[in-house]
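Student: I would like to go through the labels on this model one by one. Please set each value against its cut-off.

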Amino acid sequence: MKLAVVLNGENKLSPLDMGEKIDLIDTDEKKILEYENPGFQRPHGGKEIAMSVILQIKPDALAVKEGFLCPGSYRMSVNRIKYALTNAGDLEELLSEINNLNHNLVEDLSVEIFRE
């Protein structure tokens, strides 16, 4: 599985427009690729810009929490990737639960997750 996650400078999971980088975790090859997030700190359209990069790197899923997406970024990604709902706070926690996430992927999200 290839899981995308948006992280800030301290490797804490962040909303799409608040993370400095986008990591692509490849559980099959046991490696993590790191990409710059051009949507970082962009008040207008930052989440959509970040989602555009995420879709270009072709993950199987995106790690999300409430407030990480907006309606626009959700519409861009729905039916293109799956979503891994997580309670992890940082990359280390996410990596420790990654095998469980693989079994809990969803194809769509409730409005509470992506509303602004």
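**Labels and their cut-offs**

Tutor: Take Glu-34, which has a relative accessible area of 56% and is exposed. This is a predicted model, where local features need pLDDT of at least 70, side-chain atom pairs count only at pLDDT 80 or more, and totals for chains, interfaces and linings use all residues. Residues are numbered from 1 along each chain as its sequence is written, and side-chain values use heavy atoms, with hydrogens and water left out.

Student: Why is Glu-34 called exposed?

Tutor: Exposed means over 50% relative accessible area, buried means under 20%, and partly exposed lies in between (1.4 Å probe, protein chains only). Glu-34 has 56%, so the label is exposed.

Student: Why does Lys-21 count as buried?

Tutor: Its relative accessibility is 16%. That is under 20%, so Lys-21 is buried.

Student: What makes Glu-34 and Lys-21 a salt bridge?

Tutor: A salt bridge needs a side-chain nitrogen of Lys or Arg within 4 Å of a carboxyl oxygen of Asp or Glu. Here the N to O distance is 3.2 Å, so the pair qualifies. Glu-34 sits in strand 3 (residues 31-36) and Lys-21 in strand 2 (residues 21-26), 13 residues apart. Strands (E, at least two residues) and helices (H or I, at least four) are DSSP runs, numbered from the N terminus.

Student: How many salt bridges are there by this rule?

Tutor: The count is 2. Lys-31 and Glu-29 also form one, with their closest N and O atoms 3.2 Å apart. Lys-31 is partly exposed at 37%, while Glu-29 is exposed at 52%.

Student: Why does Asp-90 have no salt bridge?

Tutor: The nearest side chain of opposite charge, Lys-12, is 4.4 Å away. For charge, Lys and Arg count as positive and Asp and Glu as negative; His and the chain ends are not counted.

Student: What does Asp-90 touch, beyond residues up to four places away in sequence?

Tutor: Asn-11, Lys-12 and Leu-13. Contact means heavy atoms within 4.5 Å. Asp-90 lies in the loop between strand 5 (82-85) and helix 3 (91-96). A polar atom of its side chain is 3.2 Å from the backbone nitrogen of Glu-92.

Student: How many aromatic pairs does the whole structure hold?

Tutor: The search finds 2. Tyr-74 and Tyr-83 form a tilted pair, 5.7 Å centre to centre with 35° between the planes. The rings of Tyr-74 and Phe-114 have centres 4.1 Å apart and planes at 10°, so they are stacked.

Notes:
A polar contact is a pair of N or O atoms within 3.5 Å; within protein, one must be able to donate a hydrogen and the other to accept it, and residues adjacent in sequence count only if both atoms are side-chain atoms. Rings of Phe, Tyr and Trp (its six-membered ring) pair if their centres lie within 6.5 Å; planes under 30 degrees apart count as stacked, over 60 as edge-to-face and the rest as tilted.
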